[in-house]
Number of protein chains: 2
Amino acid sequence: MKIYFAGSIRGGRGDAPLYKEIIDYLKTYGTVLSEQVGDLSLSEKGGDSDNDRYIHDRDMKWLTSADVLVAEVTTPSLGVGYEIGNAVQQSKQVLCLYRKGEGKSLSAMISGCPDITNVEYTTLEEAKKAIDVFLKDI
Amino acid sequence: MKIYFAGSIRGGRGDAPLYKEIIDYLKTYGTVLSEQVGDLSLSEKGGDSDNDRYIHDRDMKWLTSADVLVAEVTTPSLGVGYEIGNAVQQSKQVLCLYRKGEGKSLSAMISGCPDITNVEYTTLEEAKKAIDVFLKDI
């Protein structure tokens, strides 16, 4: 199975260690195309050595070839939103994992989209369970 | 002309007064479908009286019927990213307006997308000029 993982890069890297844990778990199910999202050495400047057109085209090619999209959506991110919007238009299966924080709400474009499987979680174990449930029917 | 304006709601309302100014200017060109994005009474909780499914379906209907999408992308936002990704897949004309800040970079999914007109600006006057250039050929 080809899995595209989406997490914030230039929107903020506060959750990068968590992305890495999720990616490591997804790899037990198949190939994770966008593994660099969990690279702890990647800063908010993200992929400075590549130009933005190259990054965009590579990631869109990966997304188009993927069987599913799994996104961690706690940190607001234009790129993650763009990838989700694109994947929904391509009728891909999408799982969004969200940790509820005080005074914050998930975008209605994500939480209100009938074509997305939305799961709120607290612990990594809960995220893994949501991934199991989502991927077992793919 | 029908214009869909995208700006952050639940990602943060710091730029809401600026959204209002941009929307007021866009209204000299046509109908702005998503005018509530510039409503200064709308908090980060955004549209509490409506449910998320209703907000999603209404906004997607507006976006699909729009001639163009104009987005202010300085505040990272999942919803704005989702709308841009969706609009690009629908082959809509998209203008993204961005104010560069210290230590911050625009997502490569936006800045590297060949189907988006990206403009960096500082003052409202510069944003208005970018809108003039973008809309004069529509």
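Visitor: Why is A:Tyr29 called partly exposed?
Guide: This is a predicted model, and in it A:Tyr29 has a relative accessible area of 29%. Buried needs under 20% and exposed needs over 50%, so a value in between is called partly exposed. That's the label A:Tyr29 gets.

Visitor: And what about B:Tyr29, what is its relative accessible area?
Guide: For B:Tyr29 the value is 29%, so it counts as partly exposed too.

Visitor: What makes A:Tyr25 and A:Tyr29 an aromatic pair, and which kind are they?
Guide: For A:Tyr25 and A:Tyr29 the centres are 6.1 Å apart and the planes are at 75°. Centres within 6.5 Å make a pair, and planes over 60 degrees apart make it edge-to-face. So A:Tyr25 and A:Tyr29 are an edge-to-face pair. B:Tyr25 and B:Tyr29 also pair edge-to-face, with 6.1 Å between centres and 75° between planes. Over all chains, there are four aromatic pairs.

Visitor: How do you know that α3(B) is mostly covered?
Guide: Count its residues: 11 of the 12 are buried, and buried means under 20% relative accessible area. Among them are B:Leu78, B:Tyr82, B:Glu83 and B:Val88.

Visitor: What span is expected for helix α3 of chain B, and how far does it reach?
Guide: The helix runs over residues 78-89, and its first and last C-alpha are 16 Å apart. At 1.5 Å a residue you'd expect 16 Å, so the reach is close to the expected span.

Visitor: What makes B:Ser77 a cap for α3(B)?
Guide: A side-chain oxygen of B:Ser77 sits 3.4 Å from the backbone nitrogen of B:Gly79, at the N-terminal end of the helix. The cut-off for a polar contact is within 3.5 Å, so that distance passes. Just after the helix, B:Ser91 has a positive phi of about 60°.

Visitor: How many salt bridges and polar contacts link the chains?
Guide: There are zero salt bridges between chain A and chain B, but 10 residue pairs are in polar contact across the interface.

Technical notes: Residues are numbered from 1 along each chain as its sequence is written. Chains are lettered from A and ligands numbered from 1 in the order in which they are written. This is a predicted model: local features need pLDDT of at least 70, side-chain atom pairs count only at pLDDT 80 or more; totals for chains, interfaces and linings use all residues. Side-chain values use heavy atoms; hydrogens and water are left out. Helices (H or I, at least four residues) and strands (E, at least two) are DSSP runs, numbered from the N terminus. Buried means under 20% relative accessible area, exposed over 50%, partly exposed in between (1.4 Å probe, protein chains only). A polar contact is a pair of N or O atoms within 3.5 Å; within protein, one must be able to donate a hydrogen and the other to accept it, and residues adjacent in sequence count only if both atoms are side-chain atoms. Rings of Phe, Tyr and Trp (its six-membered ring) pair if their centres lie within 6.5 Å; planes under 30 degrees apart count as stacked, over 60 as edge-to-face and the rest as tilted. A salt bridge is a side-chain nitrogen of Lys or Arg within 4 Å of a carboxyl oxygen of Asp or Glu.
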